[in-house]
Amino acid sequence: MSFVQPVILRDRGLRLEPLALSHEAGLAAAAADGQLWNIRVTSVPEPEHTRAYIETALQMRADGNRLAFAVIDEATGRVLGCTSYHDILPAVRRVEIGYTWYAQSVQRSHVNTTCKLLLLSHAFDQLGCHVVGWRTDNFNHASQRAIERLGAKKDGVIRGHALRRDGTIRDTVMYSMRAGEWPEARAHLLYLLQRFPVTG
């Protein structure tokens, strides 16, 4: 993970800070907002598994594969969810954005768009990434629509790619955005955020 280092990102009242064990209670509360672990196409931890979820993320960070962030409301300090850079490939300057989920009460707000703006800006403008990717379950249609709204291009589907939490095998839909596509995507994200008042 030589070119992806822990960093704190801020915009519009949100703070993305490297996920730590100190976020355990807040992350569990965010997952409980909507009982998100019951959605079969996500990887949201059950409350009793939150610590293990964080420990796994920290081990992946140590291995150079993932940098997980807690998403924080700066005004209240509340943990709103989690998102990550993962599948980090320094040789080709590529990262993926994923492991993303938010408390139900902040879904369909400015939170996801702001987080994506922060992560994409850092990846392309600071890290010099050539490509940013996403992957999602073939049945997670909401996630696919959200990724497509960012301006990402669908690369294809990997059949029989991974196990879901219920033991079934999923197909994985792959998306990406190249550096040359970022200026237009950034303009679009800023346009989408005009719907929401700036709070910080």
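A residue counts as buried when its relative accessible area is under 20%. Leu-9 has a relative accessible area of 9% and is therefore buried. The structure is a predicted model, and the values reported here are computed from it.

**Surroundings of Leu-9**

Leu-9 belongs to strand β1, which covers residues 9-11. Once its neighbours within four places in sequence are set aside, Leu-9 is in contact with Leu-14, Arg-15, Leu-16, Leu-118, Leu-119 and His-122.

**Overall fold**

The chain contains 5 helices and 8 strands. In sequence order, these elements give the pattern β-β-α-α-β-β-β-α-β-α-β-β-α. The C-alpha trace spans about 45 × 45 × 35 Å along its principal axes. The radius of gyration is 16 Å, which agrees with the value near 16 Å for a compact globule of 200 residues.

Of the 200 residues, 48% count as buried. Contacts between residues at least 6 apart in sequence were also examined, and 63% of them join residues at least 24 apart. The accessible surface of the chain comes to about 9,700 Å², and carbon and sulfur atoms account for 51% of that area.

**Aromatic pairs**

The count of aromatic pairs comes to 3. Among them is the pair formed by Tyr-53 and Trp-101, which is edge-to-face, with 6.4 Å centre to centre and 70° between the planes. Tyr-53 is in helix α2 (residues 50-62) and Trp-101 is in strand β5 (residues 94-102), so this pair ties together parts that are 48 residues apart in sequence. Tyr-53 is buried, with a relative accessible area of 12%. Trp-101 is also buried, and its relative accessible area is 5%.

Phe-69 and Tyr-85 form another edge-to-face pair, for which the distance is 5.9 Å centre to centre and the angle between the planes is 75°. Phe-69 lies in strand β3 (residues 66-73) and Tyr-85 in strand β4 (residues 79-89), so the pair ties together parts that are 16 residues apart in sequence. Both Phe-69 and Tyr-85 are buried.

Why do both of these pairs count as edge-to-face? The angles between the planes are 70° for Tyr-53 and Trp-101 and 75° for Phe-69 and Tyr-85. An angle over 60 degrees is classed as edge-to-face, which is why the term applies.

Most residues other than glycine have a negative phi. Which residues have a positive phi although they are not glycine? Examples are Asp-87 and Tyr-99, as set out below.

| Residue | Phi | Strand | Relative accessible area |
|---|---|---|---|
| Asp-87 | about 45° | β4 | 35% |
| Tyr-99 | about 50° | β5 | 30% |

Asp-87 is found in strand β4, the strand that also holds Tyr-85 of the second aromatic pair described above. Tyr-99 lies in strand β5, where Trp-101 is also located. Are these residues buried or partly exposed? Asp-87 is partly exposed, at 35%, and Tyr-99 is partly exposed, at 30%. Both values fall between the limits of 20% and 50%, so neither residue counts as buried or exposed.

Notes
Residues numbered from 1 in each chain as written. Predicted model: local features only at pLDDT ≥ 70, side-chain atom pairs only at ≥ 80, totals over all residues. Heavy atoms only, no water. Helix = DSSP H or I, 4+ residues; strand = E, 2+ residues; numbered from the N terminus. Rg over C-alpha atoms; globule rule 2.2 N^0.38 Å. Buried < 20%, exposed > 50% of the residue type's maximum accessible area, 1.4 Å probe, protein only. Contact = heavy atoms within 4.5 Å. Areas by Shrake-Rupley, 256 points an atom, 1.4 Å probe, with all protein chains shown as cover. Phe/Tyr/Trp six-rings, centres within 6.5 Å; stacked < 30°, edge-to-face > 60°.
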